[in-house]
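Me: I have a structure open and have not looked at it before. Can you walk me through it?
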Amino acid sequence: MENNQNGISRRSFLRGAAAGTAGVAIAGMLGACASTQTAAPAFTGVPETWDKEADVVVVGSGTALTGALKAQSQGMSVLVLEALGLVGGTTALSGGAVWIPCNSYAQDSKEAARIYMTKVADGLSTPEIIDAYIEHGSEMIDFLTETAGIKWALADRTDYHVQWEGGTRKVRTLKPLDENGQLSSLGAGYTKPEADTLVKLGGEIMVKTTAERLIARPLADGRQEVIGVVANSEGKTLNIKAKKAVLLGAGGFDYNDEMKARYLPIPSPCSFAVSSSDGKGILMAQAVGADLHLMPYGWGQVAYSVIGKQAYEKRVIDINICPLCYQNDSSSMWINRHGRRFCDEASDYDSFWYGFGGGRDTTGDMAYTNIPAWYVCDQGNRDRIGAGGAGAVATPDAPGKLWGVEPDAEPPEWVYKADTLEELAAKIGINAENFVEQVARFNKYAAEGKDPEFHRGESLFDQGGPGRPADCLEPMNKPPYYAAEIVPFVQGTKGGPRTNEKGQVMHVNGDIVPRLYACGNMAGMGGPGKYYPGAGGTVGPGMVFSYLAAVDMTNLESWE
Ligand SMILES: Cc1cc2nc3c(=O)[nH]c(=O)nc-3n(C[C@H](O)[C@H](O)[C@H](O)COP(=O)(O)OP(=O)(O)OC[C@H]3O[C@@H](n4cnc5c(N)ncnc54)[C@H](O)[C@@H]3O)c2cc1C
């Protein structure tokens, strides 16, 4: 059991972020949370008085900060509105990874990147968006180095679909360096210098200020152009003029139960987003005619059901809710209520989501075939994780301890324990005959070192790097046996107003919504498109297209 070649486990993504867990909890709780879809009609016309003004008004301080800084550095005045009391949103609390194809830190090929990204998009992005990402991603990174002094280095990450043509390892994921020159595992490694530099250059950030709706005025051609924002700043209503443009970067709709029920095909009872991600930005864009894109998609993940739902109710981000079934986590599997496996448990977390969601039983009450499912393992798995090196990280906050406890301690109350497989199946109410047969088959695969059903351990991603033995498969045969209910969820939603390669919001009529831009998880952008390209694949597009939005704004004249 070992790390990948450079000694960096894939799980350092989570371990690093764990350092910020306390901050995550605080940020999560600070957010005012609307849990239902609420209408956000645009204010149409020009208000008699304005309370504040800037060339560019930016809503949200996550990935949108990159665009805010670019706009300010190009001579436009910028005002950022942030609903929470802290700057940086989920982005600041992220693991710091930014996926940038063809960056200046590694050898890459535009053609390979284009082929890979086109497959990742799966028809749900455009060649123009993919090309803009490839052409300008590196420029965005270099801009942040020159303007905000952020230094970057390659992280040892494998593209999540590395087996696809054009996939790479240790080429496209960058992380900021901390003051000691070490890879930083917090997004604050770039959001903080971005915010500090923005303010130093004359930009303004208003915290505890929530944008409620857009202000738009009718154009002769029947469209509306966006000229400002109505915001609530600690109870005070402000009309804020945006002389050139508004950039929306208000996160997804993770905490809007009605939108989730309406748009997500797979229930998502947990989230990894700050609780101010209530869909308001999306509704604001819809109110001025924005088209919608990628609404049924999210950045997939899997959680232990009980603690995942508890974290959601408390509105905190707790990365320990995730079972990650790879590397040393090898005599374990995910089982549905029929007692069957249903996916490669060692693949990336976004792919899990599709594996989980796939299908419903076509008899009876049309229940989801794999929801809920069960993480099951034997004592051997707990021992192996406990004895393992840095790669054996089962619980990010407690390396080496599955479920946060020593291998010989009693598991938490939400974990079932039994001396036999039959007894375990009875306790959790799954088909015992199928389960026993499934474990026997899995053990045969483990003995042979090959999983012909789900190919667990075959891809470079599953193995955590080249040259490692495919140790994702060990026989599950040392009692007692354990089971914990698991559910899929989206770390963040992907859908929102459709945006183009300039970050402009598209109207339902196919034209743009004048002076309105969007970025990040609310921008209907995805990776771009459907799947998750690799570590850093959510903030990468968010930062690149918020940067490109600011570049495009230089072409705008003030509307008044
Ligand atoms: C522990 C963890 C680790 C992660 N690691 C990575 C990683 O390494 N790489 C990666 O690519 N992704 C990672 N992710 C996912 C990533 O953090 C998010 O997908 C990304 O930050 C979303 O960016 P955003 O700009 O859309 O939203 P946010 O960063 O959440 O920014 C949106 C901001 O808008 C504010 N807001 C919302 N509504 C309003 C309103 N009406 N008015 C004013 N402000 C408003 C919010 O308060 C928030 O600050 C991680 C997530 C977690 C939880």
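Me: Let's start with Trp 164. Is Trp 164 buried or exposed?
Reply: Trp 164 counts as buried, at 18% relative accessibility. Buried means under 20% relative accessible area, exposed over 50%, and partly exposed in between, with a 1.4 Å probe and protein chains only. This is a predicted model, in which local features need pLDDT of at least 70 and side-chain atom pairs count only at pLDDT 80 or more, while totals for chains, interfaces and linings use all residues. Residues are numbered from 1 along each chain as its sequence is written, and side-chain values use heavy atoms, with hydrogens and water left out.

Me: How many aromatic pairs are there?
Reply: The structure holds 26. Rings of Phe, Tyr and Trp (its six-membered ring) pair if their centres lie within 6.5 Å; planes under 30 degrees apart count as stacked, over 60 as edge-to-face and the rest as tilted.

Me: What does Tyr 116 form with Trp 164?
Reply: A tilted aromatic pair, with 6.5 Å centre to centre and 55° between the planes. Tyr 116 sits in helix H5 (residues 110–121) and Trp 164 in the loop between strand S5 (152–154) and strand S6 (173–176), so the pair links distant parts of the chain, 48 residues apart. Helices (H or I, at least four residues) and strands (E, at least two) are DSSP runs, numbered from the N terminus. Tyr 116 is buried too, with a relative accessible area of 0%.

Me: And what about Tyr 255 and Tyr 312?
Reply: Those two form a stacked pair, 4.5 Å centre to centre with 5° between the planes. Tyr 255 lies in the loop between strand S10 (236–248) and helix H8 (257–263), and Tyr 312 is in helix H10 (residues 305–314), 57 residues apart. Tyr 255 counts as buried at 0% relative accessibility, and Tyr 312 at 11%.

Me: Which residues do ring pairs link into a cluster?
Reply: Trp 99, Tyr 116, Tyr 133, Trp 164, Trp 353, Tyr 354, Tyr 531 and Phe 545.

Me: Switching to helices. How do H3 and H16 cross?
Reply: The axes of helix H3 (residues 64–73) and helix H16 (residues 539–553) come within 7 Å and cross at roughly 30°. Axes are lines fitted to C-alpha atoms, for helices over the stretch in contact, and angles run from 0 to 180 degrees between N-to-C directions. H3 and H16 are therefore roughly parallel; angles under 35 degrees count as that, over 145 as roughly antiparallel, 65 to 115 as roughly perpendicular and the rest as oblique.

Me: Which residues make the contact?
Reply: On H3, Ala 64, Thr 66, Gly 67, Lys 70 and Ala 71; on H16, Met 543, Ser 546, Tyr 547, Ala 550 and Val 551. Contact means heavy atoms within 4.5 Å.

Me: What about H13 and H14?
Reply: Helix H13 (residues 421–428) and helix H14 (residues 432–448) have axes that come within 9 Å and cross at roughly 135°. H13 and H14 are therefore oblique to each other. Leu 421, Glu 422, Leu 424 and Ala 425 in H13 meet Ala 432, Phe 435, Val 436 and Val 439 in H14.

Me: Last one, the overall picture. What does the secondary structure come to?
Reply: The protein has 16 helices and 19 strands. Of its 560 residues, 62% count as buried. Among contacts with a separation of 6 or more, residues 24 or more positions apart account for 75%.
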